[in-house]
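This report describes a ligand site and several residues of one protein. The sequence and structure come first.

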Amino acid sequence: MLFPKKTIGLDIGSHSIKFVVLKKSGKSMSLVDLGHVPLKNRSIVDSSIEDPEAVIEAIENLFSVAKLKKGEVVASLSGPSLVIKKISLPKMPPEELEEVIQSEAEQHIPFDINDVNIDFQPIGDRVVQGDGDDEEEIITTDVLLVAVRQELVEERRQVILDAGFIPIIFDLDVFALENLLEHNLGGFGEQVVAIVNMGASFTNVNIIADGVTEVTRAIPGAGNKINYDIQKEFNVAWEKAEELKKGISLGNISEKKVVEVIINSLEGVCYDINRMFRDFIDNSGRNIDKVYFSGGCANIVGIEDLIRNNLGISTEIIDPFAKINVDNKKFDPDYIRQVAPIFAVAAGLALRDYDDKGLS
Ligand SMILES: Nc1ncnc2c1ncn2[C@@H]1O[C@H](COP(=O)(O)OP(=O)(O)OP(=O)(O)O)[C@@H](O)[C@H]1O
Ligand SMILES: [Mg+2]
């Protein structure tokens with residue numbers, strides 16, 4: 001590449017919208033800018049944009065403060081309305097695979113096939129024992145099937161266009177995080193790792209084995225649920241609950257009591273993650289070597305210990321800027337360290353090669 005190229009990752013979360021701009025120069029990557037703006041509560045519910053005007057305004061404000069020229073962005077989707085599934089098919093030519101996937105997808109997708117956007121990626125071939133009388137060996141291709149409700153992609157595309165940007169690729173949060181971690185680690189090798197992204201609405205979890213996402217789930221319960229539980233326990237307003245969760249403005253409420261509410265609130269999420277991990281370990285016969293943690297809830301004091309103790313697996317909070325040059329004169333290192341977990345998805349999106357094919 002002759003000229004450095006800038007890429008923008010735009011993460012439209014239900015709690016806040018974030019962007020990361022990176023400059024790629026050969027193999028080296030530097031941070032050009034980043035920013036986030038809170039979103040009015042309930043503007044996005046269950047991944048669906050309920051208040052497009054609020055989202056458009058937030059994107060416009062975010063980028064006008066950053067004085068960023070409007071252009072192409074890589075955006076994403078997350079939540080329970082996505083289906084990501086590994087399926088095995090007999091090996092066949094690529095053109096045929098494309099046709100077969102469409103009919104196969106119908107069996108795996110709980111939505112009307114005409115309303116979904118389907119993407120797939122062949123991830124490797126395997127030789128398996130046939131189940132016919134002759135027990136002949138057959139070659140199968142493992143394919144990662146991704147299906148997203150078309151409506152969700154369209155409403156996101158529209159708010160981004162209305163805010164004056166061009167969504168050049170639609171990725172998924174879990175793939176953006178996989179991309180980021182692969183960049184940080186320089187590849188996964190033999191490791192089996194999981195990523196737990198705990199934002200406001202959902203805790204998105206993916207397990208990566210042999211360098212690809214094998215299983216993924218959007219578990220209900222994250223920052224918003226903690227706020228509801230704090231509100232209920234202490235009879236306080238949403239904003240106060242948000243502060244209590246962050247360990248500020250405690251007044252006469254004991255810190256220990258708040259921590260107890262947070263631990264209880266996350267009990268269901270921990271149980272679901274544990275069950276997902278057990279299923280993976282039972283089905284694959286492989287262990288999970290490490291759990292990487294991201295999202296705003298990674299900032300909750302003691303959360304890493306809570307997850308580690310619950311899962312019995314070593315944990316680490318993802319540093320999205322571990323392998324990105326950050327100019328200390330331009331960006332305060334303390335600030336970057338503090339906000340890092342919320343920028344993981346946006347950084348993973350900005351790391352995407354614009355030439356890659358996405359969901360759109
Ligand atoms: N310092 C902190 N301590 C505790 N919680 C925090 C802190 N910073 C952010 N959070 C919480 O993290 C959540 C927001 O995280 P994040 O920005 O990853 O979510 P989002 O991407 O907007 O939402 P989602 O992906 O679920 O739609 C909120 O519930 C917020 O209160
Ligand atoms: Mg998010």
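## Basis

This is a predicted model, in which local features need pLDDT of at least 70 and side-chain atom pairs count only at pLDDT 80 or more, while totals for chains, interfaces and linings use all residues. Residues are numbered from 1 along each chain as its sequence is written, chains are lettered from A and ligands numbered from 1 in the order in which they are written, and side-chain values use heavy atoms, with hydrogens and water left out.

## Ligand 1

Around ligand 1 there are 19 residues (a heavy atom within 4 Å of the ligand), of which Ser-14, His-15, Ser-201, Glu-242 and Lys-245 come nearest. A polar side-chain atom of Lys-245 lies 2.6 Å from an oxygen atom of ligand 1. Backbone N or O atoms also approach ligand oxygens: one of Ser-201 at 2.8 Å and one of Ala-200 at 2.9 Å. The protein covers 88% of the 650 Å² of accessible area (Shrake-Rupley method, 1.4 Å probe) that ligand 1 has on its own.

Strand 2 (16–25) and helix 6 (238–245) are the elements that give two or more residues to the shell around ligand 1. Helices here are DSSP runs of H or I with at least four residues, and strands are runs of E with at least two, numbered from the N terminus.

## Thr-203

Thr-203 belongs to strand 12 (residues 202–209). Its relative accessibility is 0%, so Thr-203 counts as buried (under 20% relative accessible area, 1.4 Å probe, protein chains only). The side chain of Thr-203 reaches the backbone oxygen of Gly-221 at 2.7 Å.

Leaving aside neighbours within four places in sequence, Thr-203 is in contact (heavy atoms within 4.5 Å) with residues including Val-196, Arg-217, Gly-221, Val-269 and Ile-273.

## Asn-184

Asn-184 lies in helix 4, which spans residues 173–185. Asn-184 counts as buried because its relative accessibility is 11%. Beyond its neighbours within four places in sequence, the contacts of Asn-184 are Ile-318, Asp-319, Pro-320, Ala-322 and Lys-323.

## Ser-81

The loop between strand 6 (72–77) and strand 7 (82–90) holds Ser-81. With a relative accessible area of 10%, Ser-81 is buried. Apart from neighbours within four places in sequence, Ser-81 is in contact with Asp-46, Phe-111, Ala-147, Val-148, Arg-149 and Leu-152. Leu-144 is 63 residues from Ser-81 along the chain, and the C-alpha atoms of these two residues are separated by 16 Å.

Notes. Buried < 20%, exposed > 50% of the residue type's maximum accessible area, 1.4 Å probe, protein only. Polar contact = N/O pair within 3.5 Å; in protein donor to acceptor, adjacent residues only side chain to side chain.
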